Amino acid sequence: MRFVVRRLFWAIFLFVVATMLTYLIFYVVPRDPVALIPGISGTTAGLHIRHTLHLDVPVYQQYWIFLWNLVRHGSLGYSYVNGAPVRWVVGQDAPVTASLVLGGAVLWLAVSVPVGIVSALRPRSLFDRAGMVFVLVGVSAPTVWVGLVLAYVFGFRLGWTPIADYCNFFPEHGVGLCAGPAHWAYHLILPWTTFMFLFAALYTRMIRAGVLETSREDYVRTARAKGASGRRVLVHHVLRNSALPVVTILGMDLGHAFGAALFVETVFNLNGLGGELVTASTSENLPVVVGIVVAVTITVIVLNFVVDVAYALLDPRIRLDA
């Protein structure tokens, strides 16, 4: 419990620092949002807008107002372009990006874990060498290129999968026939596969190295000498300890995946947070930019908190050292 409390306070500290830096980076710029509205700068209406947006107070007061509204009311401000709540804008696009990232994570783990284990159990075999070729291709290939190749081969030439667009998971929220879990997964199979090539190669290599190293440890030899079955040794001794570095890097890679989602969304025409971020940046819609960055930052902090707790459950020594 003390470990969880310490990690919780650390997550709160990171949240305050991240929101402060994000707010300062995007708001301390020589650009007046009132100037975006033609003919209103310097008028009474312009002064009223500046007062409504709290632009007539020092920056530190602006930040505390922003933080208070975020914590107390869950408000991220309002769009400069259409006046829509930023929370609503993020809520519209977040399911697309979340489906893309989390589904891709499940797929790359589902591929890399068995491939890495089999490669470690049969080193220098044909399967192991083929797995290393897969690692080399996955590490070297750019994300956009992989997505375009998959879209061209499986979507355009073979016609097996959709090339673009997104279907809602829940049928009642869908439009026409493009709704429901089956259509949702069918339209995301190529984006998920793109993520799989991007991350699975690294995880395959890591799992293979971890299993090989752990298999040589003394406690594994002792378990085998006591007559434990190969399956029990693999599951209870080798895999559990080999999973520690994988769990550690998974929390960081989920954060990186949100950044890579921008390129994948562009290739497959998915209206997620990445595309919205680009649109808001080009139109200088700072509240939307800050809202998206803050929302992703909070998500990454929560995911890393969960990873820290999972790491402590896998290795009790962490709870004593932390």
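A residue counts as buried when its relative accessible area is under 20%, as exposed when over 50%, and as partly exposed in between, computed with a 1.4 Å probe and protein chains only. Ser-119 is buried, with a relative accessible area of 0%. This model is predicted: local features need pLDDT of at least 70, side-chain atom pairs count only at pLDDT 80 or more, and totals for chains, interfaces and linings use all residues. Residues are numbered from 1 along each chain as its sequence is written, and side-chain values use heavy atoms, with hydrogens and water left out.

Helices (H or I, at least four residues) and strands (E, at least two) are DSSP runs, numbered from the N terminus. The protein has 12 helices and zero strands. Ser-119 belongs to helix α4, which spans residues 86–121.

A polar atom of the Ser-119 side chain lies 2.8 Å from the backbone oxygen of Val-115. Contact means heavy atoms within 4.5 Å. Beyond its neighbours within four places in sequence, Ser-119 is in contact with Phe-127, Asp-128 and Arg-208.

Some values for the whole protein follow.

| Item | Value |
|---|---|
| Buried share of the 322 residues | 38% |
| Share of contacts with a separation of 6 or more that join residues 24 or more positions apart | 71% |

Notes
A polar contact is a pair of N or O atoms within 3.5 Å; within protein, one must be able to donate a hydrogen and the other to accept it, and residues adjacent in sequence count only if both atoms are side-chain atoms.
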